[in-house]
Amino acid sequence: MSTLIDVQSLTKTYGSGDNVQTVLNEIDLEVKEGEFVAILGPSGSGKSTLMNILGCLDGYTSGRYRFGQKDVTGLSEAELSLFRNKQIGFIFQQFNLLPRLSARANVELPLIYQRLSKTDRLKRTSEMLARVGLEDKLDHFPNQLSGGQQQRVAIARALVTNPSLLLADEPTGALDQANGRQIIELFHELHAEGKTIIMITHDIDIAKEATRIVHVRDGRIEKEERVR
Amino acid sequence: MIRENIRMAWLTVISHKMRSFLTILGIVIGTASIITLMTVITGVTDSINEEVATFGADRMTVQIEDGMKNGVSSAELERLEAIEGVESISPTTTQSVDVSFSNQTAMKTVLGKSDAYFTDSTVADGRSITPLDVTSRTQVALIGDTLAKNAFPTTSPLGETMTIGGARYTIIGTLAPSSEFSMSTDDAVVIPVTTALHQFHQNTIASFDLYTEAGQSESVNEEVTRQLTTAFNGRDAFTVTSFEDALASIDQINALLSMLLIGIASISLFVGGIGIMNMMLVSVTERTSEIGLRKALGATPGKIRQQFLFESVLLSVLGGVVGVLFGAILALGLTMVMGVPFTLAATTVGLALGLSVVIGVIFGYIPARKASNLQPIEALRNA
């Protein structure tokens with residue numbers, strides 16, 4: 001398998017002079033295509049900052065980040081937007097659906113930022129919602145859906161542009177046990193289909209669902225372990 | 001993308017109905033005032049122009065005030081009438097004398113006029129002064145509308161006898177009510193100018209109207225001024241007022257008034273624009289997480305800016321459309337009350353709507369830029 005993510009000596013600091021605070025310190029990380037990696041760490045460990053940088057939502061102070069064969073350093077904000085749109089599907093703890101839009105319109109959102117005809121957008125949107133088992137909820141609004149259903153809409157939205165990477169931030173954090181389980185099962189299915197998934201979590205039990213766990217503590221990678 | 005932007009903007013606007021309504025109120029009031037003012041001003045101008053047109057725009061009035069010579073002689077008047085482009089000259093003499101009817105005597109204005117004074121609409125009843133009346137100095141009179149009603153409340157004055165300064169005259173007609181744009185003759189008596197000159201022992205005319213052929217008024221004005229300057233040996237003894245001058249000054253006043261009123265309306269549009277900017281800034285703050293999400297999903301800063309600009313333009317255009325409707329209704333009512341024609345010019349509507357788009361863009365730009373500059377990570381943190 002070829003390398004999808006290649007991070008070398010990645011450092012992120014805030015402040016300047018005597019007040020420098022190092023959030024990420026010399027991180028090296030490699031993720032191959034098709035991997036299901038969990039980044040595990042307590043709050044304040046720097047795992048969220050790492051996820052933001054991996055998702056090209058945030059910049060870094062020094063080091064190198066290659067995604068695919070592409071060095072994303074120095075891309076403009078507009079280029080990064082398009083890059084995220086094509087390459088990365090985000091899944092958030094709080095789902096982050098737009099409340100005034102139907103499930104279908106929420107999933108359609110990333111496609112609107114591509115030059116796609118309305119017919120194509122509708123087709124792919126419906127396909128994705130069917131893929132996550134919500135073919136009968138196309139026109140429901142977020143407040144008419146359960147938490148688990150909302151997260152599945154969010155996953156459909158993350159998948160709809162067929163990105164190289166799914167980046168999930170505490171995807172089960174706001175869900176009860178049963179719904180969380182369903183989401184994890186969906187992740188397993190996607191993994192089996194060949195999707196590359198990086199999941200950020202503070203929960204060791206959730207992290208164990210992945211194939212590899214990267215332990216982050218105090219801005220460093222403490223250890224990596226292969227789970228299965 | 002544009003359709004999506006409009007749809008999103010519409011969704012946002014209608015999901016905060018009250019807030020959107022209050023936000024566009026300033027624009028509504030501004031646009032409505034522009035429409036109302038422009039329409040009413042146009043109506044008034046049109047009605048003045050119409051009035052002047054029936055009255056004769058190709059007319060000038062000459063007034064003589066000279067200590068040495070009271071006016072122009074008949075011979076001088078004939079020379080003026082011979083000027084190229086002059087159609088006719090209508091002389092006027094004015095006296096205040098005792099006028100008596102069978103039962104009452106009062107001081108009235110007596111105007112001496114020639115047949116040139118009369119048009120189709122001058123006489124309400126009876127006949128006008130004829131050239132024969134002028135040449136043979138007949139003792140006939142026409143009386144004003146008010147005077148006729150007062151002196152002869154129940155009977156027709158035609159054929160009745162009256163005395164003017166002791167001389168007996170036969171009433172041959174009544175004058176139509178005066179228009180508001182000329183000196184009132186409603187309480188006056190009109191007799192042949194020659195009769196008046198004879199009776200009041202005068203031989204000069206101090207005031208006359210000069211009718212010119214269409215488009216000749218400027219050259220005639222110059223020639224009349226030249227001849228009169230010669231006649232009065234260069235003394236500043238006369239004034240020539242043409243209706244074209246009067247029209248031009250009316251237009252000038254109108255233009256000034258329009259500018260002033262449009263200025264006031266622009267202030268309310270400006271205030272309306274600030275209202276939109278304020279509301280858009282609030283909206284950007286409220287939707288920080290939405291902006292962050294959209295950026296994460298692939299919206300470029302330009303797309304975010306576009307989305308918010310569409311929203312502010314939609315708000316201001318809504319305000320513009322509602323304002324045009326309100327303004328048109330208000331203007332219709334006002335013009336009906338004022339009795340002037342109602343014409344809603346397409347340019348006026350275009351101007352009002354165009355202005356509202358411009359305001360939406362100008363006042364929406366700062367909030368839109370603020371939205372587009374939000375960092376996705378900052379924005380998402382607020383989720």
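Visitor: How many residues of chain A are in contact with chain B?

Guide: In this predicted model, 19 residues of chain A are in contact with 19 residues of chain B; contact means that the C-beta atoms of two residues, placed from the backbone, lie within 7 Å. Residues are numbered from 1 along each chain as written, and chains are lettered from A in the order in which they are written. Local features need pLDDT of at least 70, and side-chain atom pairs 80 or more, while totals for chains, interfaces and linings use all residues.

Visitor: Which helix supplies the largest share of the side of chain A that touches chain B?

Guide: Six residues of that side come from α2(A), the largest share. Both α2 (77–87) and α3 (103–112) of chain A supply at least two residues each; a helix is a DSSP run of H or I with at least four residues, numbered from the N terminus.

Visitor: What makes residues of this side nonpolar, polar or charged?

Guide: Ala, Val, Leu, Ile, Met, Phe, Trp, Tyr, Cys and Pro count as nonpolar, Asp, Glu, Lys and Arg as charged, and the others, Gly among them, as polar. On that basis, the side of chain A has 10 nonpolar, five polar and four charged residues.

Visitor: How do you know that A:Ala156 is in contact with A:Met128?

Guide: By the cut-off already stated, A:Ala156 is in contact with residues including A:Val107, A:Met128 and A:Val132, leaving aside neighbours within four places in sequence.

Visitor: Into which domains is chain B divided?

Guide: An automatic or database assignment sets the bounds: domain 1 (2–52 + 248–381) and domain 2 (89–213). Their centres, taken over C-alpha atoms, are separated by 59 Å.
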